[in-house]
Amino acid sequence: MPKIKTHSGAKKRFNLTKTGKVKRSHAYKSHILNKKTTKRKRNLRKSAIADVTNTAQIKRLIPYK
């Protein structure tokens, strides 16, 4: 069996936890930050867990992580 290529965009965006969940970062944190409250920006810094419906597809994109 040949090796599977890792998706370049997905490897930069997702990580796997020890339990096998997909860890992701929040969107909307790069620009136009003036109108966003400090509380909202602070909460966007935290990591999040990807939804269960998307985990199988994401794991297929990052097979060796």
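Colleague: In what order do the elements of the protein run from the N terminus on?

Modeller: Please note that this is a predicted model. The protein holds three helices and three strands. From the N terminus on, these elements run α-β-β-α-β-α.

Colleague: What is the radius of gyration of the protein, and what does the globule rule give for 65 residues?

Modeller: Taken along the principal axes, the C-alpha atoms fill a box of roughly 50 × 25 × 20 Å. With the elements running α-β-β-α-β-α, the protein is more spread out than a compact globule, because its radius of gyration is well over the value from the globule rule. The two values are 15 Å for the protein and 11 Å from the rule.

Colleague: Which strands stand at the edges of the sheet?

Modeller: The sheet is open and has three strands in the order S1-S2-S3, with antiparallel pairing. Each edge strand has a single partner strand, so one side of each is left without a neighbour in the sheet. The edge strands are S1 (15-16) and S3 (47-49).

Colleague: Which residues make up the largest nonpolar core?

Modeller: Of the 65 residues of the protein, 17% count as buried. Isoleucine 58 touches Phe14, Val22 and Ala50, residues up to four places away in sequence being left out. The largest nonpolar core has six residues in all: Ala10, Phe14, Val22, Ala50, Ile58 and Ile62.

Colleague: What is the relative accessible area of histidine 26?

Modeller: Histidine 26 is found in the loop between strand S2 (22-25) and helix H2 (38-45). Beyond its neighbours within four places in sequence, histidine 26 is in contact with Asn43, Leu44, Lys46, Ser47 and Ala48. Buried would require under 20% and exposed over 50%. Histidine 26 is partly exposed, with a relative accessible area of 29%.

Colleague: At what distance does the side chain of histidine 26 reach the backbone oxygen of lysine 46?

Modeller: The C-alpha atoms of histidine 26 and alanine 48 are separated by 6.9 Å, although these residues are 22 residues apart along the chain. The side chain of histidine 26 reaches the backbone oxygen of leucine 44 at 3.5 Å. For the backbone oxygen of lysine 46, the distance is 2.8 Å.

Terms used:
Residues numbered from 1 in each chain as written. Predicted model: local features only at pLDDT ≥ 70, side-chain atom pairs only at ≥ 80, totals over all residues. Heavy atoms only, no water. Core = buried A, V, L, I, M, F, W, Y, C linked by side-chain atoms within 4.5 Å. Buried < 20%, exposed > 50% of the residue type's maximum accessible area, 1.4 Å probe, protein only. Contact = heavy atoms within 4.5 Å. Helix = DSSP H or I, 4+ residues; strand = E, 2+ residues; numbered from the N terminus. Rg over C-alpha atoms; globule rule 2.2 N^0.38 Å. Polar contact = N/O pair within 3.5 Å; in protein donor to acceptor, adjacent residues only side chain to side chain. Pairing = 2+ DSSP bridges.
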